[in-house]
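Here are some notes for a colleague who is opening this model for the first time. Please read them with the structure in view.

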Amino acid sequence: MSKITVVVCDHIHQKGLDILANDADINLINAADEPKDKLISEIIPLADVAITRSSTDVDQKFLDNAHNIKSIIRAGVGVDNVDIDGCSKKGIIVMNVPTANTIAAVELTMAHMLSCVRQFPYAHNNLKVDRVWRRQD
């Protein structure tokens with residue numbers, strides 16, 4: 001059995017790269033730092049699988065160069081940067097990771113709620129503009 005070539009188009013966590021790199025059945029190409037024109041014209045034609053985030057559009061130009069791709073993984077919640085119809089016409093399976101940033105979204109929501117309760121925007125304004133630190137508020 002030949003190795004599957006996985007192209008990582010955008011930056012992903014190092015742990016994910018390590019998992020892919022340590023799999024004997026995967027030939028990993030980390031192209032996150034490559035210029036997009038080189039990625040699309042020279043690297044994508046080698047790929048069996050592409051992993052993308054929001055920095056790489058899977059559009060018609062991408063798909064025209066995706067001669068061997070069998071699946072595209074969108075490492076994120078949505079697939080708004082992936083031409084689903086174009087992928088379907090080429091028989092490419094599109095997957096995403098819908099819970100990838102759930103914890104981060106909850107943390108941000110909680111931080112905003114605490115900011116509102118503690119009136120941080122007003123406190124910041126008082127400190128920066130009025131030069132007054134109202135610690136009792």
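1. The sheet is open and has 5 strands in the order 2-1-3-4-5, with parallel pairing; strands (E, at least two residues) and helices (H or I, at least four) are DSSP runs numbered from the N terminus, and two strands pair if DSSP finds at least two bridges between them. At its edges lie strand 2 (26–30) and strand 5 (93–96), each of which pairs on one side only. From one strand to the next, the twist averages 20°.

2. This is a predicted model, in which local features need pLDDT of at least 70 and side-chain atom pairs count only at pLDDT 80 or more, while totals for chains, interfaces and linings use all residues. Residues are numbered from 1 along each chain as its sequence is written, and side-chain values use heavy atoms, with hydrogens and water left out.

3. Strand 1 (residues 4–8) runs parallel to strand 2 and is joined to it by 5 bridges; Ile-4 has Ile-26 as its bridge partner, and Val-7 has Ile-29. Strand 1 also runs parallel to strand 3, with 3 bridges between them, and here Val-8 stands opposite Ile-51.

4. Because 4 of its 5 residues are buried, strand 1 is largely enclosed by the rest of the structure (buried means under 20% relative accessible area, with a 1.4 Å probe and protein chains only).

5. Strand 1, helix 1 and strand 2 form a β-α-β unit that is right-handed, meaning that, with the strands pointing away from the viewer, the path from the first strand over the helix to the second runs clockwise.

Note on methods. Axes are lines fitted to C-alpha atoms, for helices over the stretch in contact, and angles run from 0 to 180 degrees between N-to-C directions. Buried means under 20% relative accessible area, exposed over 50%, partly exposed in between (1.4 Å probe, protein chains only).
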